[in-house]
Every structure is written in C-alpha cells, then in structure tokens.
Amino acid sequence: MDLQFSVDQELCIGCGECINDCPYGLIEMRDGIPVLSRENEARCLQCQHCFAVCSTGALSILGKKAADSPPLGPLPTAEQLAGLMKVRRSVRRYSKTPVSKEEIAFLLETVAYAPTAVNNRQVLCTVIEDPAVMDDLRRTTYARLQTLIDTGKFPKGMQYLEDVVVEALQSGKDAIFRGAPHLLVASAPKDSPSPDADCFIALSYFELLAASMGLGALWCGLAKWALAVVLPEVMAKLGLPADHRVGYMMVFGRPAVQYHRTVQRENAHINRVAQLQ
C-alpha cells in the first residue's frame, strides 16, 4: 500500500518528533528531512502518530492534511471528566423516544477513535437504530426462549438466565433488553490481536460519550447470553461476520429516569507496589 508519506520541506523544522514518536521506529532523518522508506512502509501501523505530533503540519500520511484535523482544545478539565465518570449510571428504564440517526452516527464515528491492539481497528459496531427492528428482535428472542423452556431444551448451566426469562414472560416485563429502543453489538475478528479488549474499550468510549449527551446505556450481559450463547440462530439475523467474536452488547436510548446526585463509593481497591517482593 502506498502510504503517501510526504513532508513539506518549507514547513519542516527538523525537530525529529515524528521519528521519536513512531512506535516501530520506521521513520529516519535524511538530509534534515524525515523519510519513510518503501521497505518500512509495509510495517507501518497507520496510527498517524507522526502526523499528529508534527507541530508545523509539515508531515502528511495516507493523504491526510493537517488543516483538516480539528484543533485539540479546549479539553475538559480533569474534574469535569471525573464528574462525568462518577455521574454515569447503568440505565434500565428507557423512553420510547428514539435517539436520532444523527446522534447515533456521531457516537459511532467518535468510537472509531478508540484504541485497539497494534492499531488493528477491526472492531465492528452492529447497531439497531430503528425501534421497530428492536421490537422485532425482542419478540423473536422471547418467543424462541419460551419454546426452549416449554420443551425442556434450555441449555444446562444457564439456570440464572432461564429464571430471568420465566419471570419476564410471567410479568410481561422486558428483563433482557430493558425496553431499550436501540442495541449495539461490538465484535472483532477472532484472530485479531485482542478482540475482547478492543470491544470493551470501544463500548466504554460509546457509553461515556452517550452519558455526556444525556443518553443512557447498559452493558447487557443478559442479551449476550441470550443471543450469542443460547440463540445463535437469532444472533445470525444481526448479520455479524462468521469469523467475528462478540465482545459485548449494550442497549441504549433516552432515559426514562433522572438521577439527581452521584453515589458514594467506598475507597478503591488499590495495591501500591513500593518494592518488588
């Protein structure tokens, strides 16, 4: 692949920051100008660290132009970010008013910036935007689970989920998806360097950004059990690639509940290493 690595010699000040910050040390200085050899292009992670660290905007890679990158500031203060982290709640009550496609697009486009192992960037975000499709998934899931219970074919070792489903069917309450209008599934190729961690990081980005927008989300383990473990035939209806591993699932939407303060946590569990044992 042609990385289109180029340096504007009029703007380059020869600081060497692009060389120092390249994770694999692929860039070298020749006659005062950074150079990426053809031999090293194949090893490039395409992380764009060299592009981001160039203070004068002299360096370009992958056809990117410094002028097209948004400015870095103003950034939230540490107190503001900590406040967002503390006020975030796992939302289990949702309004029927859906999140707009524009808001969902903004969330997912931002999640694309989440870090992945060796910058493989292969996390797939499978999203249900239409509440009608979500309702269809809900009906299909509970109907199939009801059949498994009625025929005594519910998988062994899933007693907790079975009990939840039985209670949900009796009460008419959606204990799995919590009545949420949207679902997000994060998956990655099974042979990627770190599929589970990559998915967890992506969903963490999504959840915190959603919270900043006044939206609610829930890490939905029951949905993952029901679809990825018990009902693979329903899971297949979501169209995930066959070679993907489901990292986790998240339901989200506009909260039908308002929290008025943060909770109060006990001290964090910390193991401070003063010296090696």
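**View 1. The crossing of helices α6 and α7 in this predicted model is left-handed.** Helix α6 (residues 131-150) and helix α7 (residues 159-171) pack with their axes 11 Å apart, at an angle of about 110 degrees. That angle makes α6 roughly perpendicular to α7, since angles of 65 to 115 degrees are counted in that class. On the α6 side the contact involves Tyr142, Leu145, Gln146 and Ile149, and these meet Glu162, Val165, Val166, Ala168 and Leu169 in α7.

**View 2. Helix α6 also packs against helix α9 (residues 221-230), with an angle of about 65 degrees between them and their axes 12 Å apart.** The two helices, α6 and α9, are therefore roughly perpendicular, and α6 passes α9 in a left-handed crossing. Leu137, Thr141, Leu145 and Leu148 of α6 make the contact together with Ala226, Leu227 and Val230 of α9. Leu145 of α6 takes part in this contact with α9, and Leu145 is also listed among the residues of α6 that meet α7.

**View 3. Helices α7 and α9 pack against each other as well, at an angle of about 110 degrees and with their axes 11 Å apart.** It follows that α7 and α9 are roughly perpendicular to each other, and the crossing in which α7 passes α9 is left-handed. Here Tyr160, Leu161 and Val164 in α7 meet Leu222, Trp225, Ala226 and Val230 in α9. Ala226 and Val230 of α9, which meet α7 in this view, also belong to the contact that α9 makes with α6.

**View 4. An open sheet is formed by 4 strands in the order β5-β6-β8-β7, with antiparallel pairing.** Strands β5 (124-128) and β7 (216-219) stand at the edges and have a single partner strand each, so one side of each is left without a neighbour in the sheet. From one strand to the next, the twist averages 25 degrees. Strands β7 and β8 are joined by 4 bridges, and tryptophan 219 stands opposite methionine 250 in β8. Strand β8 is largely enclosed by the rest of the structure, because 8 of its 10 residues are buried.

View 5. An α-helix has 3.6 residues a turn, so residues three or four places apart point the same way.

**View 6. Glutamate 207 lies in helix α8 and is in contact with residues beyond its neighbours within four places in sequence.** With a relative accessibility of 7%, glutamate 207 counts as buried, the cut-off being under 20%. Once its neighbours within four places in sequence are left aside, the residues in contact with glutamate 207 are Arg88, Ala217, Trp219 and Met250. Tyrosine 142 is 65 residues from glutamate 207 in sequence, and the distance between them in space, C-alpha to C-alpha, is 26 Å.

**View 7. Glycine 73 is found in the loop between β4 (59-60) and α4 (78-87).** Its relative accessible area is 46%, so glycine 73 is classed as partly exposed. The C-alpha atoms of glycine 73 and leucine 209 are separated by 17 Å, and the two residues are 136 residues apart along the chain.

Technical notes
Residues are numbered from 1 along each chain as its sequence is written. This is a predicted model: local features need pLDDT of at least 70, side-chain atom pairs count only at pLDDT 80 or more; totals for chains, interfaces and linings use all residues. Side-chain values use heavy atoms; hydrogens and water are left out. Two strands pair if DSSP finds at least two bridges between them. Axes are lines fitted to C-alpha atoms, for helices over the stretch in contact, and angles run from 0 to 180 degrees between N-to-C directions. Contact means heavy atoms within 4.5 Å. Buried means under 20% relative accessible area, exposed over 50%, partly exposed in between (1.4 Å probe, protein chains only). Angles under 35 degrees count as roughly parallel, over 145 as roughly antiparallel, 65 to 115 as roughly perpendicular and the rest as oblique. A crossing is left-handed if the near helix is turned anticlockwise from the far one by less than a right angle, and right-handed if clockwise.
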